[in-house]
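Please read this briefing alongside the sequence and the 3D view.

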Amino acid sequence: MPTYIYAITTHDHPLRLDDLQGVGEEAAPLRTVRAGEVAAVVSDAPEGLRAKRRDVLAHEAVLESLMADGATLPMRFGLLGPDDDQVAQALEQDGAAYRSRLAELAGHVEFNLKAARDEQDLLLEIVSESDQIRELNERTRSGSAGQDDRIALGELVAGQVAERNNEQAQRTLEKLQPVAARVSRAEPGASHFLNASFLVPAATADEFVEAVREEADRRGETYTLTLTGPLPPYSFV
């Protein structure tokens, strides 16, 4: 039977598992797999496991409890190993790397920030600040623009959107990086100009949240900053 892996900890972590339940319709008992100076918290993997709310909450509850007691590398929901012996082999093989990462993440949490700007507000700014785009836009709206003009307009606007989104993302990061230990960026998607995860010392989490609030206030109502956290530091494992 495959082994479901919740987290990796140091060998001296308290690993208080008695009051915790694993994933599965019949909650699987938790156990540990140890190798050298690290340990993995695991359970049997139920057949047909999917990301149902019950199981996701069980996974998160295990992580939160472990993190409250010491350094923990959180594994994402659904991570499986072939069996306990091969999990132990992986711990033995990569033990030094796990110990290093555990030391880095000790006492830290993750926040994810997604930032977006009202599309109409951005387009109005682009048109107002470019004579070429404004002229092409007026010709397109009047019906006098040819195919080449419409293509040129689309390319110019797309280029300006990308450039300004990159600029806004960089400015936001410059404001928040000083109050975070590390930053991990992800593709922002079509509706956001920034999707970034911040590794923050738990002791200064309030300071980071306040910095995000100040950034949102500074940008005003045409921007939307969505902050999620504190989370286990999945993005920095």
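The notes below begin with the basis of the model and then go through its parts by topic.

This is a predicted model, in which local features need pLDDT of at least 70, side-chain atom pairs count only at pLDDT 80 or more, and totals for chains, interfaces and linings use all residues. Residues are numbered from 1 along each chain as its sequence is written, and side-chain values use heavy atoms, with hydrogens and water left out. Helices (H or I, at least four residues) and strands (E, at least two) are DSSP runs, numbered from the N terminus.

- Strand β2 (residues 31-35) pairs with strand β3 (residues 38-44) in the antiparallel sense, over 5 bridges; two strands pair if DSSP finds at least two bridges between them.
- Within this pairing, V33 stands opposite A40 in β3.
- The hairpin of β2 and β3 has 2 residues between the strands, and G36 takes a positive phi near 60° there.

**The four-stranded sheet**

- An open sheet is formed by 4 strands in the order β7-β8-β6-β9, with antiparallel pairing.
- Its edge strands, each pairing on one side only, are β7 (182-185) and β9 (223-231).
- From one strand to the next the twist averages 20°; axes are lines fitted to C-alpha atoms, for helices over the stretch in contact, and angles run from 0 to 180 degrees between N-to-C directions.
- β7 and strand β8 (residues 194-201) run antiparallel and are joined by 4 bridges.
- R185 stands opposite A196 in β8.
- Helix α6 packs on the sheet and touches β6 (108-117), β7, β8 and β9, its direction making about 10° with that of β8; contact means heavy atoms within 4.5 Å.
- Helix α7 (residues 205-219) also packs on the sheet, touching β6, β8 and β9, and its direction makes about 170° with that of β9.

**Helix α4 against helix α6**

- Helix α4 (residues 119-129) packs with helix α6 (residues 147-176) at an angle of about 115°, and their axes are 10 Å apart.
- α4 and α6 are therefore roughly perpendicular to each other; angles under 35 degrees count as roughly parallel, over 145 as roughly antiparallel, 65 to 115 as roughly perpendicular and the rest as oblique.
- The crossing of α4 past α6 is right-handed; a crossing is left-handed if the near helix is turned anticlockwise from the far one by less than a right angle, and right-handed if clockwise.
- L122, L123, E125, I126 and E129 in α4 meet V157, Q160, V161, R164 and N165 in α6.
- The contact of α4 with α6 has 5 nonpolar, 2 polar and 3 charged residues; Ala, Val, Leu, Ile, Met, Phe, Trp, Tyr, Cys and Pro count as nonpolar, Asp, Glu, Lys and Arg as charged, and the others, Gly among them, as polar.

**Helix α5 against helix α6**

- The axes of α5 and α6 come within 10 Å and cross at roughly 135°, so α5 and α6 are oblique to each other.
- α5 passes α6 in a left-handed crossing.
- The α5 side of the contact includes I133 and L136, and the α6 side includes L153 and L156.
- By class, the contact of α5 with α6 has 6 nonpolar, 4 polar and 3 charged residues.
- G143 follows α5 and has a positive phi, near 90°.

**Backbone features**

- Most residues other than glycine have a negative phi, and most peptide bonds are trans.
- L15, in the loop between β1 (3-10) and β2, has a positive phi near 50°.
- G229 and P230 are joined by a cis peptide bond with omega of about 5°, and P230 lies in strand β9.
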